[in-house]
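Reader: Hi! I'm new to looking at structures and would like a close look at a single part of this one. Could you take me through the nonpolar core and what sits around it?

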Amino acid sequence: MNCRDHCGACCTAPSITSPIPGMPNGKPAGVRCIQLADDNRCRIFGKPERPAFCGGLQPSEEMCGTTREYAMLWLDDLERATRP
Ligand code: SF4
Ligand code: SF4
């Protein structure tokens with residue numbers, strides 16, 4: 001499946017532990033990535049400074065569902081399950 005327009009759930013719900021331009025310590029769970037533009041597209045897509053984590057999250061029916069709300073809940077559950 002393709003990434004849904006105007007979603008951005010996977011750039012908000014998960015924590016990211018590697019540096020992001022503008023967020024040198026990464027970001028906590030539930031916080032919108034600073035590189036997520038108002039149209040919910042990544043400003044640094046395809047650039048080397050984009051964290052490897054982001055490329056690892058591929059759109060899937062399981063993760064994305066049909067709504068942003070579904071994806072946020074699914075990713076919250078993942079975050080809780082993988083918390084150290
Ligand atoms: S959760 Fe899925 S649809 Fe939403 S931004 Fe991420 S990949 Fe795209
Ligand atoms: S760097 Fe881009 S893909 Fe990664 S979380 Fe931020 S906006 Fe999303």
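**A walk around the core**

Author: Happy to. The largest nonpolar core has 10 residues: Cys-7, Ala-9, Cys-10, Cys-11, Ala-13, Ile-20, Cys-33, Cys-64, Ala-71 and Leu-75. Keep in mind as we go that this is a predicted model. As general background, nonpolar side chains tend to be buried together in soluble globular proteins.

You'll find Cys-64 in helix α2, which covers residues 61-64. Is Cys-64 buried or exposed? Count the C-beta atoms: 22 others lie within 10 Å, and a residue needs 20 or more to be called buried, so Cys-64 is buried. Leaving out neighbours within four places in sequence, Cys-64 is in contact with Met-1, Arg-4, Pro-59 and Ala-71. Ala-71 is itself listed in the core. Now look for Cys-10, another core residue. Cys-10 and Cys-64 are 54 residues apart along the chain, yet their C-alpha atoms are separated by 8.6 Å.

Now hop over to Ile-20, which is also in the core. Setting aside residues up to four places away in sequence, Ile-20 touches Gly-26, Lys-27, Cys-33, Ile-34, Gln-35 and Pro-51. One of these, Cys-33, is a core residue as well.

Next, the ligands. Around ligand 2 sit Cys-11, Ile-20, Cys-33, Gln-35, Leu-36, Cys-42, Ile-44, Arg-50, Pro-51 and Cys-54. The class count for the shell of ligand 2 is 8 nonpolar, 1 polar and 1 charged residues.

Thr-66 is in the loop between α2 and α3, the latter being residues 68-82. Thr-66 has 9 C-beta neighbours inside 10 Å, so Thr-66 counts as exposed. Arg-4, which we met as a contact of Cys-64, is 62 residues from Thr-66 in sequence, while the two are 8.6 Å apart in space, C-alpha to C-alpha. His-6 lies in the segment before α1 (52-56). With 9 C-beta neighbours inside 10 Å, His-6 is exposed too. His-6 also has a positive phi of about 55°, although it is not a glycine. Asn-40, in the segment before α1 as well, has a positive phi near 60° and isn't a glycine either. Asn-40 has 17 C-beta neighbours inside 10 Å, so this residue counts as partly exposed.

Finally, zoom out to the whole chain. There are 3 helices and 0 strands, so the order from the N terminus reads α-α-α. Buried residues make up 17% of the 84 residues. Of the contacts between residues at least 6 apart in sequence, 48% join residues at least 24 apart. The C-alpha trace spans about 30 × 30 × 20 Å along its principal axes. A compact globule of 84 residues would have a radius of gyration near 12 Å, and the chain agrees because its value is 12 Å.

Technical notes
Residues are numbered from 1 along each chain as its sequence is written. Chains are lettered from A and ligands numbered from 1 in the order in which they are written. This is a predicted model: local features need pLDDT of at least 70, side-chain atom pairs count only at pLDDT 80 or more; totals for chains, interfaces and linings use all residues. A nonpolar core is a set of buried Ala, Val, Leu, Ile, Met, Phe, Trp, Tyr and Cys residues joined through C-beta atoms within 7 Å. A residue is buried if 20 or more other C-beta atoms lie within 10 Å of its own, exposed if 12 or fewer, and partly exposed in between; C-beta atoms are placed from the backbone. Two residues are in contact if their C-beta atoms, placed from the backbone, lie within 7 Å. Helices (H or I, at least four residues) and strands (E, at least two) are DSSP runs, numbered from the N terminus. The radius of gyration is taken over C-alpha atoms; the globule rule is 2.2 Å times the number of residues to the power 0.38. A residue is near a molecule or strand if its C-beta atom, placed from the backbone, lies within 6 Å of it. Ala, Val, Leu, Ile, Met, Phe, Trp, Tyr, Cys and Pro count as nonpolar, Asp, Glu, Lys and Arg as charged, and the others, Gly among them, as polar.
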